[in-house]
Each structure stands twice: as structure tokens, then as C-alpha cells.
Amino acid sequence: MSNHATAYDAHRPLIDLIPHDSLYVSDEEDGFYAREEDEFLIHPKWKAMLQQTSNRIPRRVQRYLAIYLVFATIAWIGWRSFIGPTYNEYRHEIALMDSTTTETFGANLRPEFKGIIQVKTMDKKHLPVKNKRLVVVGDVHGCKEELEALLEKVGFDVDNDHLILTGDIISKGPDSPGVVSLAQEIGASSVRGNHEDRTLLTIAEMETAHTPLPGPEENANRTDDSLDEESFSHGDYKVRKLAKQFSKKQIAWLRQCPVILRIGPVSGMGEVVVVHAGLVPDIPLEQQDPYQVMNMRTIDLKTRVPSENRDGTPWEKFWNHRQKKLPAAERVTVLYGHDRKRGQNIQKYSKGLDSGCVGGGHLTALVIDSRGKNKYVQVKCKKYVD
Amino acid sequence: MHIPLLYFNIFLALPRLTISRPTWPEANAGDIRSLQGLTRLTRDRSGKRGDPVDKYFHESTFHSHYDGRFAESVLPDTERRDALSSLLRTYLSTMSTIGAETWIMHGSLLGWWWNRKIMPWDSDVDVQVSETSIQFLASYYNMTVHHFNIPGPPGSEEQAGRNYLLEVNPHWKDGSTEDYLNVIDARWIDMSTGLFIDITALRRNKHAESNGLDGHMMCKDKHVYMAKDIFPLRDSVFEGSPVKVPYSYAQLLEEEYGKEALTATEFEGHVFVQQSMEWTPKKGKKAGS
């Protein structure tokens with residue numbers, strides 16, 4: 001009996017032992033399984049082909065391909081977001097610098113002022129020939145000790161060398177009258193900087209009685225010390241105090257400093273000119289606006305109007321660009337100071353020499369020898385102002 | 001019969017009698033009455049009637065750049081230019097003699113910048129004075145008449161010369177910009193043409209100073225400046241006369257009028273001709289239009 005039962009059990013398929021209603025276990029609907037043969041994301045035939053091909057390409061090549069693709073994407077984004085616009089801006093700037101419009105700065109009658117000399121030409125005897133040298137020094141600002149140290153360092157020889165100062169030799173620093181005296185003694189040339197300009201104008205104002213003449217009820221001998229007068233331009237107290245330090249001789253020397261000093265032809269450099277701040281290209285020296293020559297930092301390329309703020313294109317960038325367009329004989333190199341922030345700034349046709357001496361930077365000298373070779377010599381300065 | 005007729009005649013004559021009596025129209029009497037002997041006009045064309053009571057200077061009823069107490073109409077263009085030039089030169093020479101500090105600003109400074117002359121389409125001159133100067137003018141020179149040997153406009157009574165009146169606004173003492181009716185501190189008036197120069201005093205900006213800012217200046221017309229941009233003044237020439245110009249003239253002009261004002265050679269129907277350095281009327285266009 002038990003054998004029969006065993007035999008029976010052995011022949012019966014196990015599936016029959018499972019209760020009927022619990023056989024269906026998937027909770028998916030029937031439609032889920034109803035996909036037809038040709039409904040694939042990629043047809044199995046294609047998939048097989050792709051796999052075949054990709055198997056033939058080495059894994060390494062595939063990896064590099066992916067990396068290159070990523071690089072290409074980054075490059076494209078970089079071009080669109082940064083390099084492209086910068087390049088366009090650059091091209092736009094070049095186009096503006098090359099353009100010639102009829103309505104540009106300098107069409108007016110150049111402003112002229114009493115007591116301001118526009119252009120002077122340096123005495124030919126100072127030109128660097130044979131063993132003579134020109135020593136051009138940036139903004140001294142009353143740092144007499146540093147100037148003396150610098151002259152010693154370049155081995156300044158009063159008989160052979162000529163010192164040229166790029167203006168702003170006074171104010172801020174410890175010994176402005178001393179610098180003027182030193183310059184006078186060694187027969188130096190200087191241009192008028194914005195600090196000389198302001199100080200000399202203040203001196204002129206102090207010389208003429210700018211307070212009204214005494215009224216009928218006032219004492220005719222009334223004397224107003226313009227230094228202490230507060231209601232009028234009281235902010236200029238510092239300048240008036242400085243103005244009082246100079247002797248008549250020193251003032252006279254400062255007054256003869258021109259806004260523009262024409263050096264003349266220097267072998268190896270061509271025509272050289274010294275100013276305090278800058279020049280607008282394509283305008284004759286006699287036509288340059290004196291205020292701008294003493295104050296400019298940038299030029300607006302569209303209108304060619306210079307400005308002392310930093311919004312436009314640096315004037316020396318525009319200057320160098322324009323010089324390269326001129327025939328070699330007409331190119332002019334400008335030696336200047338004024339821009340302490342940009343510091344020593346040497347380009348082919350512009351040499352910025354203000355390296356912030358009075359603020360604890362350096363005092364820079366450009367030494368030009370008879371072969372037109374330029375050498376830069378510096379001394380470290382004490383910090384007199386912030 | 002005769003008596004009614006007499007009454008009737010008297011009745012008819014009465015209005016004529018009242019008309020022939022030298023009277024001044026009540027509504028705008030003040031100014032012109034006080035100027036009897038100084039002006040040849042009897043009717044005041046100053047805009048006083050329409051102006052607020054607190055306003056001191058009145059522009060004429062026919063043009064805002066003429067004084068209605070001294071003129072009845074605007075001048076032709078060429079005459080106006082000559083008159084303006086004389087007005088400016090007499091002003092500068094008088095201030096220089098007195099010792100009052102003054103300098104040119106705004107449109108006049110722009111004219112100076114282009115060619116040392118008043119721009120041909122300008123009908124006024126803008127000058128500023130220092131605070132000490134306005135105080136001095138108010139104390140000793142208010143309502144003074146200054147005679148110059150400049151022939152007046154053709155056909156006028158002033159062939160022998162011209163008189164100019166320096167009038168200071170009593171409100172000059174009030175330095176507040178809230179006194180917007182009296183932004184002009186003084187006037188230099190051509191008594192034969194009614195043209196005038198507006199004089200504004202450059203004051204210390206008390207508001208900025210109270211905020212700890214130094215060197216800030218202002219005028220009652222709400223223009224603000226840095227003292228270092230105005231002072232020290234420069235000596236130049238304007239309309240052939242010595243003149244003072246603010247220190248940072250180029251920067252002030254750019255701030256007020258923009259870069260284009262320093263480069264555009266076509267303006268107000270005029271072209272700036274390089275050869276002559278003059279603003280000349282455009283061909284086919286009326287000058288000053």
C-alpha cells in the first residue's frame with residue numbers, strides 16, 4: 001500500500017500539488033507582456049550590429065572619444081561666454097582705434113592761459129651724443145633724498161648728463177623747495193605737472209588781492225591773510241601752505257616749465273617728447289589741451305575725448321597703436337609720469353616712469369645714451385604718504 | 001438848456017482827465033515806479049504779475065532772458081550778440097575794478113572752450129561769484145548804475161553810452177536750495193536792451209559738511225561742485241576781455257554737457273568752421289534757428 005502510494009506520488013507532476021488560485025503571482029497587467037516582436041528601443045538587429053562595431057573599436061579609443069567630446073563642449077561654452085566676447089571687444093577696439101571720424105576731440109581753439117607755456121624745445125646741446133646721456137626721472141613729489149640717491153646710482157655727471165623731470169616734482173613729500181633748488185642747480189628741465197599747475201595758480205591768486213577792495217566804511221589798510229581766509233576755497237589750505245614755502249627764484253623756475261617739452265631727435269628712439277600725463281594721438285603738440293596733458297589717464301575711443309578717470313582705454317595703448325600706423329619718421333615716443341597706479345609702464349612709444357616714490361614705492365630713472373639704448377635705474381623710497 | 005450841456009461836456013471830459021493824469025497801473029507798479037529816471041519805459045513788462053510773491057527777479061513777459069523793466073521786445077540776432085558781448089565785457093571789467101571774484105560757467109564756459117566767444121545762439125551769459133564777493137556786492141554795490149562809453153543800439157537814446165545796473169537779490173543771504181524762487185543771487189542788467197547776466201554765488205555745501213564731507217560747494221540752483229574743480233581759477237580771455245575760468249574746465253564741461261559737446265561741430269543750425277574758428281550759420285538755414 002505504501003509502495004503504491006509512493007509510486008503514485010512519484011508520477012504525479014508537482015505542479016498539481018499547488019492550489020489552483022495561487023498560481024498567478026505577477027502583479028503586472030497582461031498588457032505588460034503583450035509587446036510585439038518589432039517594438040524595441042533599438043531593434044535587436046541594429047543592436048547586434050552596433051555591438052559588433054563597438055566591439056571592433058578598442059575600448060581606449062572609445063574612452064578618448066568621450067573625453068574629447070567633453071573638452072569640445074567646455075571649449076564651446078568658454079568661447080560663447082568669455083573668449084568670444086573678449087575677442088569681439090578687442091576687434092571692436094582695434095576698429096575704433098583705426099577709424100578716422102570728422103567729429104573728434106581737438107577741433108576747438110586750444111584753451112590758452114596767462115602764465116602757462118604750452119611747448120618748449122630742449123636745448124640741442126643736451127641731446128645724447130658722444131658720451132652725453134639724458135636722465136629722465138618720474139614723479140619726485142618732494143623726495144629730495146631719494147632723487148639725490150638715484151642721481152648717485154646712475155653716476156650723474158653735471159657736465160655730460162642732463163636731468164629731465166616728468167613733472168609733479170613738488171607736493172606730498174618732505175622737501176619740495178629742496179627738489180626745485182636741486183633741479184635749478186644742476187640745470188635740469190621739467191614739465192608742468194598737475195601739482196605744479198595747482199600750486200602756481202594758487203600762488204598767482206595769493207599775489208593778486210582776491211578779497212574785494214575795502215568798502216567805504218572799512219579801513220583802507222585792511223590786510224587779509226589769504227592763507228587764513230576760510231570762506232573762500234578753504235579746501236586749498238594745504239596748497240596755500242605749500243605755496244608759501246617757495247622763494248621767488250623757485251617760483252620763477254617752476255613757472256618756466258612748459259606743459260610739453262620737445263626733446264628732439266634721439267638716435268635709436270626717433271622724436272621724443274616729455275609730458276606729465278599724456279597726449280592725444282593725431283593732434284599737434286601746439287593744439288593739445290593743456291589741462292588734459294597734465295591730467296589724462298584714458299581716452300574715449302569713440303570721441304577721442306581724454307579723461308583723468310579710468311573708464312576709457314589707457315591713453316598710451318591708443319598712442320602706441322596710432323604710432324605704429326605712422327611712417328617711421330613721424331613716430332613720437334612720449335616719456336611721462338602721473339599714473340602711479342599703473343606704475344612703471346614701458347612700451348615701444350610710451351615710457352611711464354611714475355613708480356610711486358612718495359608712497360613708499362620706487363623712484364625710476366630712464367637713462368638714454370648716445371646709441372639710444374634705454375636703461376632703467378631705481379631706488380627704493382621711504383613711505384611719506386599713503 | 002446850457003447847463004445840462006455843460007454838465008454833459010464835463011461828463012465827457014472826465015475820463016480823459018483821469019487818463020491824462022500820470023498814473024501807473026496798480027497791479028504792476030512797484031518795480032518800474034522805483035526805477036523812474038532810470039528806465040525810459042512807462043509800462044512794466046516784467047513778469048511780476050504772474051510770479052509768486054516771494055520771487056525777487058522777474059523775467060519779462062516776452063522772453064525769459066530780458067528784463068521787462070528795461071525792454072519791450074527782443075533784439076535782432078546780430079544786435080543781441082553785440083549787446084551780450086558788451087554786457088559781458090562791462091561786467092568783467094567792473095568786477096575786476098571792484099575786486100570781486102567772478103568766473104564763467106555753463107554755456108559761457110562751453111563757448112569759451114570752443115573759440116573764446118559767446119556761442120551765437122546763446123541769449124544769456126552764466127557767471128558765478130564767490131561767497132565773499134556776493135556779500136561785498138550786496139553791502140556796497142547793490143543798485144549801483146555803471147556807465148560805459150559804448151554806443152547803444154542804433155536809433156536809441158543811449159548813443160552817448162550805456163548804463164548797466166548791478167542788482168543783488170536780498171534773498172542771497174538765504175543759502176538754502178529750498179528757496180527755489182530766488183536761485184539767482186544778482187543780476188548785471190543792460191538798461192538799454194533789458195539783457196542781463198545771471199550771477200550765482202558759489203557757497204559752501206553746509207549739508208555735505210554736516211555729513212563730514214569737506215570741499216563740497218553748491219549754488220542755489222542745485223548745481224554742486226568740488227572746491228578743487230573750481231579753485232584755483234585760471235586766467236584766460238573771453239570775448240577779448242580777461243576772464244577767470246574754473247580749474248578743471250574740461251572735466252566740468254564733460255560732466256555737464258557730455259563728451260559730444262566737445263566734439264560735435266554742428267549745433268543749433270551752426271557749423272564750427274576750422275579755418276576761421278567760428279560758429280557760422282548752416283547754409284540754407286536761418287541763424288539762431
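**Domains of chain A.** I started with the spacing of the two domains in this predicted model: the C-alpha centres of domain 1 and domain 2 of chain A lie 57 Å apart. I noted the bounds as well: domain 1 covers 28-99, and domain 2 is made of 119-192 + 257-380. Then I looked up what touches across the two, and found six residues of domain 1 of chain A in contact with nine residues of domain 2 of chain A.

**Nonpolar patch, chain A.** Next I went over the surface of chain A for nonpolar side chains. I found a patch formed by A:Y64, A:I67, A:Y68, A:V70, A:F71 and A:I74. Together these residues have about 660 Å² of accessible area. A reminder to myself on helices: with 3.6 residues a turn, residues three or four places apart point the same way.

**Positive phi in chain A.** I then checked for residues other than glycine with a positive phi. A:K130 is one such residue, with phi near 55°. I found A:K130 in the loop between β1 (119-121) and β2 (133-137) of chain A. Buried or exposed, I asked of A:K130? Exposed: its relative accessible area is 77%, and the cut-off is over 50%.

A:D168 also has a positive phi without being a glycine, about 50° here. I traced A:D168 to the loop between β3 (161-165) and α5 (176-185) of chain A. At 3% relative accessibility I count A:D168 as buried, because that class takes in anything under 20%.

**Helix α3 of chain B.** Over to chain B, where I tested the length of helix α3, residues 77-98.

**Cis peptide, chain B.** Last entry. I went through the peptide bonds and noted a cis one joining B:F231 and B:P232, with omega about -5°. I located B:P232 in the loop between α7 (227-230) and β9 (234-238) of chain B.

Note on methods:
Residues numbered from 1 in each chain as written. Chains lettered and ligands numbered in written order. Predicted model: local features only at pLDDT ≥ 70, side-chain atom pairs only at ≥ 80, totals over all residues. Heavy atoms only, no water. Helix = DSSP H or I, 4+ residues; strand = E, 2+ residues; numbered from the N terminus. Expected span 1.5 Å × (residues − 1). Patch = residues over 30% accessible without salt bridge, like charges linked within 9 Å, V, L, I, M, F, W, Y side chains within 5 Å. Areas by Shrake-Rupley, 256 points an atom, 1.4 Å probe, with all protein chains shown as cover. Salt bridge = Lys/Arg side-chain N within 4 Å of Asp/Glu carboxyl O. Domains from an automatic or database assignment. Contact = heavy atoms within 4.5 Å. Buried < 20%, exposed > 50% of the residue type's maximum accessible area, 1.4 Å probe, protein only.
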